[in-house]
Amino acid sequence: LNDFYADHLKIYQKRPIYWLFDSGKKNGFKALVYMHRWDANTIATIRTRYVAKMQETGVMQGYPDGTFSPHGSITRAEFAKMLVSICGFETENTATSFGDAKSGEWYCRYIGIAADKGIVKGIGDNMFGVGQIISRQDMAVMILRVMNSKNINVNVSDNKFADDVDI
């Protein structure tokens, strides 16, 4: 990423179309953003409209030790929290009966809401897979269930991906 960006700056010197954002010291966050049309306010707009909004609304909060880990994998519990938070789902029933969801843990409320709304079903044997890394397939299924719950018509096709065997 760093080499690509350095080469890009040599070519486009004063008007780059890619911008590299990073968190600095610990290389915790890096994002390469394509911005063909931009002005002096574009960077501030990205920060205030998207990143800060996700932090303010609690969709993404990082970890108790103060790290954010954007390059890390997302667990099934973390993704359930993101979906519930983004959609603003609320319910009276926030309890969960999944055997691996320990009562009182941060994720229980979100998994309970997602289960109550039919967004999550677990991985079998009354287990949710709390600490398991979520697959793209499971993400897609959960997102589709959210869209269906909000009566958003989705045209699902039989797309093939180069890495189908890895999904």
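Biologist: At roughly what angle do the axes of helix α3 and helix α4 cross?

Modeller: This is a predicted model, in which local features need pLDDT of at least 70 and side-chain atom pairs count only at pLDDT 80 or more, while totals for chains, interfaces and linings use all residues. Residues are numbered from 1 along each chain as its sequence is written, and side-chain values use heavy atoms, with hydrogens and water left out. The axes of α3 (residues 76–87) and α4 (residues 108–116) come within 8 Å and cross at roughly 65°.

Biologist: Are α3 and α4 roughly parallel or roughly perpendicular to each other?

Modeller: Angles under 35 degrees count as roughly parallel, over 145 as roughly antiparallel, 65 to 115 as roughly perpendicular and the rest as oblique. With a crossing of roughly 65°, α3 and α4 are therefore roughly perpendicular.

Biologist: How are α3 and α5 oriented to each other?

Modeller: The axes of α3 and α5 are 11 Å apart, and the helices pack at an angle of about 25°. The contact joins R76, F79, L83 and C87 of α3 to D138, M139, M142, I143 and V146 of α5. By their angle, α3 and α5 are therefore roughly parallel.

Biologist: Is T75 buried or exposed?

Modeller: T75 is placed in the loop between α2 (42–56) and α3. Leaving aside neighbours within four places in sequence, T75 is in contact with V130, G131, Q132, I133 and I134. Buried means under 20% relative accessible area, exposed over 50%, and partly exposed in between (1.4 Å probe, protein chains only). At 14% relative accessibility, T75 counts as buried.

Biologist: How many aromatic pairs are there?

Modeller: Rings of Phe, Tyr and Trp (its six-membered ring) pair if their centres lie within 6.5 Å; planes under 30 degrees apart count as stacked, over 60 as edge-to-face and the rest as tilted. By this rule the count is two.

Biologist: How many residues apart in sequence are the parts that F98 and F128 tie together?

Modeller: F98 and F128 form a tilted pair, 5.4 Å centre to centre with 55° between the planes. Both residues, F98 and F128, are buried. F98 lies in the loop between α3 and α4, and F128 in the loop between α4 and α5 (136–149), so the parts tied together are apart in sequence by 30 residues.

Terms used:
Axes fitted to C-alpha atoms, helices over the stretch in contact; angles between N-to-C directions. Helix = DSSP H or I, 4+ residues; strand = E, 2+ residues; numbered from the N terminus. Contact = heavy atoms within 4.5 Å.
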